[in-house]
Amino acid sequence: QVQLVESGGGLVQPGGSLRLSCAASGSIISINAMRWYRQAPGKERELVAAITYGGSTNYADSVKGRFTISRDNAKNTVYLQMKSLKPEDTAVYYCNADIRDYDTDYHLAYWGQGTQVTVSS
């Protein structure tokens, strides 16, 4: 069974940095796009950044120039490097990936359990 496990969240002061990781495990054949979403209290979940298997990226306007998404295909892992963090970046961050495993003939979307990021002084 495929699982996505995030790590790296925590409490950081405004202007600080954090690096999130998300590792996929299970009987994986291939992973297409990998993404980071976030959901703040009382708000809808929003796409933060996405990366294709080949490394093409796109970002929400609110994080451009501050966040960098990357991946290690050999480790089935996606990262989110966050710099110049602001209080409005406070949210639960979720990993999402399109994964094909040995039980299916197509890619399905999987979600991680989420990791809390709090930006506060």
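The following dialogue discusses how to read several features of this predicted model.

Reader: Which conventions apply to this model?

Author: Residues are numbered from 1 along each chain as its sequence is written, and side-chain values use heavy atoms, with hydrogens and water left out. In this predicted model, local features need pLDDT of at least 70 and side-chain atom pairs count only at pLDDT 80 or more, while totals for chains, interfaces and linings use all residues.

Reader: How do the side chains along strand β7 point?

Author: In a regular strand, side chains alternate between the two faces of the sheet. Strands (E, at least two residues) are DSSP runs, numbered from the N terminus. In β7, residues 67-72, Phe 67, Ile 69 and Arg 71 point to one face and are buried, where buried means under 20% relative accessible area (1.4 Å probe, protein chains only), exposed over 50%, and partly exposed in between.

Reader: In which sense do β7 and β8 pair?

Author: Two strands pair if DSSP finds at least two bridges between them. Here β7 and β8 (residues 77-82) pair in the antiparallel sense over six bridges, and Phe 67 stands opposite Met 82. The two strands form a hairpin with four residues between them. In that turn, Asn 76 has a positive phi of about 55°, and it counts as partly exposed because its relative accessibility is 24%.

Reader: Where is Ser 84 placed, and what is its phi?

Author: Ser 84 lies in the loop between β8 and β9 (91-101). Its phi is near 50°, a positive value in a residue other than glycine.

Reader: How many disulfides does a search of the whole structure find?

Author: A disulfide is a pair of cysteine sulfur atoms within 2.5 Å. The search finds one, formed by Cys 22 and Cys 95 with their sulfur atoms 2.1 Å apart. Cys 22 in β3 (residues 18-25) and Cys 95 in β9 are 73 residues apart, so the pair links distant parts of the chain. The torsion about their S-S bond is about -80°, so the disulfide is left-handed. Both cysteines are buried.

Reader: Which residues touch the most other members of the largest nonpolar core?

Author: A nonpolar core is a set of buried Ala, Val, Leu, Ile, Met, Phe, Trp, Tyr and Cys residues joined through side-chain atoms within 4.5 Å. Of the 31 residues in the largest one, these are Trp 36, Leu 80, Met 82, Tyr 93 and Ile 99. The largest share, five residues, comes from β9.
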